[in-house]
Amino acid sequence: MIADAALEFAFGQKRVDVRPELLARYDRPGPRYTSYPTAPEWDDSFGPEDALAAFRDADLTAHPVSLYFHIPFCESLCLYCGCNVVINKNHTAADSYVAALGKEIDRVADHVSADRNVEQLHWGGGTPTYLSPDQIESLYSNIQRRFSFSPDAEISIEVDPRVTTPDHFRVLRRVGFNRVSLGIQDFNPVVQKTIHRIQSFEDTGRLFAQCRELGFQSINVDLIYGLPHQTVDGFAKTVDMIVSLDPDRVALFSYAHVPWLKKQQGSFAGHLPDGLEKFRIFANAVRMLTDYGYRFIGLDHFAKPEDELCRAQDERTLHRNFQGYTTRRGCDIYAMGLSSISSTEDAYIQNWRDLSRYYNAVGAGLLPTMRGMRVSTEDKLRRSVINRILCHAVLVKSEVESEFGIDFDSHFAAELKGLEELERDGLARRTPDRIEVEPLGRIFIRNIAMLFDAYLAKAERNRKFSKTL
């Protein structure tokens, strides 16, 4: 049950009261909008030849390139995890996978012109440092052999501190990685035991120090709120510990409870903080991080004021893609590995989630495409609107009209009608030429973006997503 008293929410100097009835009304299933249209709309009949056609079309645009590689392996399963992972303690399993990635690299690179520079490279997982230092070096050499990198390319990797060694970091830095993101989630021992992810603050701190010594340009951390047994005070201690390590960016993700997709999550369903307590954990963490000097970029990201994310937001050049917020807008994403998602201006393409199907496709000389979607002009328009709201907390109608040749008020008459309720609740403010997200609306910004999602009118789509808070 939600109590009657309003909750104070603060980020920096901005403080607002959040009425419990707003939490009850707006904390509902909705997308994170790392893509639009979102994955439930993609077509299973979209196959390898469709993907090749999309890559050929993208090459004609000569957009810069972003590369993503998914390393799905983990030694053990974290029970909260919603990612596509393969659990295997025998690390020789990675040998075949690295070889398959080499073949996929060649297949994709055949359709990426050499004069298109790579602006961004990211390895995610799973656990990318499941690979040995030698395998990391071999895979990176394969990538470098087939793609041209910009001198200032952002080259990043996700790291599990529990299995990452000093040798890993030395190799990563030597081959060219300049950013590292450490998965932490929570330092509370009860929470760690329940989610099956034990890692000490001391070990994490030692890895942090090594990253600084090796000269990584940016060190980021991932936290999750809403996990079993979390409390406001307990998670506040984790935030204090994190700040003492002085990361450049902090991601504060909402735990997505989807036991219908990830059965292991059902093991602790009775120990999750309820909706009000989960919001209190989030609100207090936001207050702490902003009091410590981090800027609330939006949704779940925080950065130091001098970080390029903050500069991009000030200049309204910030963008959002499958890696979250990014400063490298305008890139086509070529993603390789199990379940990875490529994104061009006109299409989304997802690889097989099943390892045997992935291997079979790559072995047959095909792109391992499971599904995808061609993006319509209307989709691009709505994607742009949603991106502007989530990245800049303001939408200038004339900019959208100029880019897409529409009359905004006429085209989005139904959406603007729906916006009236959010205006009454203090989430947004409309002027003749813009829609501005109010401080209170920063909390419910996904709900504001959802107004412009044409596919959510299908009620069954809502069941595909976790809740917005």
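Reader: Why are H8 and H9 called roughly parallel to each other?

Author: The model is predicted; local features need pLDDT of at least 70, side-chain atom pairs count only at pLDDT 80 or more, and totals for chains, interfaces and linings use all residues. Residues are numbered from 1 along each chain as its sequence is written, and side-chain values use heavy atoms, with hydrogens and water left out. The axes of H8 (residues 232-245) and H9 (residues 275-291) cross at roughly 30° and come within 9 Å. Angles under 35 degrees count as roughly parallel, over 145 as roughly antiparallel, 65 to 115 as roughly perpendicular, and the rest as oblique. H8 and H9 are therefore roughly parallel. Axes are lines fitted to C-alpha atoms, for helices over the stretch in contact, and angles run from 0 to 180 degrees between N-to-C directions. Helices are DSSP runs (H or I, at least four residues), numbered from the N terminus.

Reader: What makes H8 and H9 meet, and through which residues?

Author: Contact means heavy atoms within 4.5 Å. Val232, Phe235, Ala236, Val239, Asp240 and Val243 in H8 meet Glu277, Arg280, Ile281, Asn284, Ala285, Met288 and Leu289 in H9. By class, this contact has nine nonpolar, one polar and three charged residues.

Reader: Why does Gln192 count as buried?

Author: Buried means under 20% relative accessible area, exposed over 50%, and partly exposed in between (1.4 Å probe, protein chains only). Gln192 has 4% relative accessibility, so Gln192 counts as buried. Gln192 sits in helix H6 (residues 189-195). Beyond neighbours within four places in sequence, Gln192 contacts Asp186, Phe187, Arg197, Ile198 and Gln199.

Reader: Is Phe201 buried, exposed or partly exposed, and why?

Author: Phe201 has 25% relative accessibility, so Phe201 counts as partly exposed. Phe201 belongs to helix H7 (residues 201-214). Not counting residues up to four places away in sequence, Phe201 touches Phe187, Met241, Ser244 and Leu245. Phe201 and Thr238 lie 37 residues apart in sequence, yet 9.2 Å apart in space, C-alpha to C-alpha.

Reader: What makes a set of residues a nonpolar core?

Author: The members are buried Ala, Val, Leu, Ile, Met, Phe, Trp, Tyr and Cys residues, joined through side-chain atoms within 4.5 Å. The largest core here has 135 residues; Leu67, Trp123, Phe279, Ile443 and Phe444 touch the most other members. H9 gives the most to this core, with nine residues. Another core lies apart from it, of nine residues, including Tyr80, Cys81, Ile195 and Tyr255.

Reader: Which residues does Phe279 touch?

Author: Phe279 touches Leu7, Phe9, Val18, Leu23, Ile443 and Leu469, leaving out residues up to four places away in sequence.

Terms used: Helix = DSSP H or I, 4+ residues; strand = E, 2+ residues; numbered from the N terminus. Nonpolar A, V, L, I, M, F, W, Y, C, P; charged D, E, K, R; others polar.
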